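Reader: Hello! Please take a close look with me at one part of this model, and tell me what its side chains meet around it. I would like the cut-offs as you go.

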Amino acid sequence: MFTVDIVGRLVQIRLASPLDAEGVARFVERTRFTLLRAPVNVIGIADLRGLRVMAPESADMITTMLARDNSRVERTAILVPSLLGSLGLQLTRMLRAANAKARQLFDDPLRAQDYLKDTLQPAEHLALERFLAAGGDIP
């Protein structure tokens, strides 16, 4: 399951299990469409706290997307349940493989918000607060 929304330059993503390879392919396509219609480089918040470790083919698709879209991303905070858990370690490897230096992992929503706050306009900041207040569940 996933959602991808945009408010100004703020791209808001939620990923949660179950998410099979077909779902990942749809997510990659939707994310690409969202980035292409954004007027400038984007700021991202991705809540993956509801996601379990990804299958290798799914991780590869997302790693390819991350590498391809590096030039369109100013900064992204990625929330995981634990930095040292299986998903956190998998994403650390994926970010390294994609050379995604503008993307950082967090296990604390307040630290993720702090990482992004200096880059956001007021409407984007409000959207970020609402996104984080909703928690990791997909409606």
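Author: Let's start at Tyr-115: the charged end of Arg-75 sits over its ring, 4.8 Å from the centre. Here, "over a ring" asks for NZ of Lys or CZ of Arg within 6 Å of the ring centre and within 35 degrees of the ring normal. Please keep in mind that this is a predicted model, in which local features need pLDDT of at least 70 and side-chain atom pairs count only at pLDDT 80 or more, while totals for chains, interfaces and linings use all residues. Residues are numbered from 1 along each chain as its sequence is written, and side-chain values use heavy atoms, with hydrogens and water left out.

Next come the buried residues of helix H4, which spans residues 109–117: Ala-112, Gln-113 and Leu-116. Because these residues fall within an arc of 100 degrees when H4 is viewed down its axis, they line one face of the helix. (The arc is taken over the directions from the helix axis to the C-beta atoms; helices are DSSP runs of H or I with at least four residues, strands are runs of E with at least two, and both are numbered from the N terminus.) On the other side of H4, Leu-110 and Arg-111 are exposed. Buried stands for under 20% relative accessible area and exposed for over 50%, with partly exposed in between, using a 1.4 Å probe and protein chains only.

The cover over the buried residues of H4 includes strands E3 (42–50), E4 (73–79) and E5 (103–106), along with helix H5 (122–133). Contact here means heavy atoms within 4.5 Å. At the start of H4, a side-chain oxygen of Asp-108 comes to within 2.9 Å of the backbone nitrogen of Leu-110. That is a polar contact: N or O atoms within 3.5 Å, one able to donate a hydrogen and the other to accept it within protein, with residues adjacent in sequence counted only if both atoms are side-chain atoms.

Now for the rings, where two aromatic pairs are found. Rings of Phe, Tyr and Trp (its six-membered ring) pair if their centres lie within 6.5 Å, and planes under 30 degrees apart are stacked, over 60 edge-to-face, and the rest tilted. Phe-2 and Phe-27 have ring centres 5.6 Å apart and planes at 70 degrees, so this pair is edge-to-face. Since Phe-2 lies in strand E1 (residues 2–7) and Phe-27 in helix H1 (residues 21–37), the pair ties together parts that are 25 residues apart in sequence. Phe-2 is partly exposed at 23% relative accessibility, whereas Phe-27 is buried at 3%. The other pair brings us back to Tyr-115: its ring centre is 5.3 Å from that of Phe-106, and the planes stand at 45 degrees, so the pair is tilted. Phe-106 is buried, with a relative accessible area of 11%. Elsewhere, Arg-14 lies over the face of Phe-131, 3.8 Å from the ring centre.

Glu-124 forms a salt bridge with Arg-9, with the closest N and O atoms 3.6 Å apart. The two are 115 residues apart, Arg-9 being in the loop between E1 and strand E2 (10–16). Arg-9 is buried too, at 15% relative accessibility. A salt bridge requires a side-chain nitrogen of Lys or Arg within 4 Å of a carboxyl oxygen of Asp or Glu. Glu-74 joins Arg-9 and Glu-124 in a network of salt bridges. The side chain of Glu-124 also reaches the backbone nitrogen of Gln-121 at 2.8 Å. Beyond its neighbours within four places in sequence, Glu-124 touches Val-7, Gly-8, Arg-9, Leu-10 and Thr-119.

Across the whole structure there are eight salt bridges. Among them, Asp-47 pairs with Arg-49 at 2.6 Å between the closest N and O atoms. Asp-47 is buried at 0% relative accessibility, while Arg-49 is partly exposed at 28%. Another of them joins Arg-26 and Glu-22, at 3.1 Å from N to O. Both lie in helix H1, four residues apart, about one turn of the helix. Arg-26 is partly exposed at 44%, and Glu-22 is exposed at 56%.
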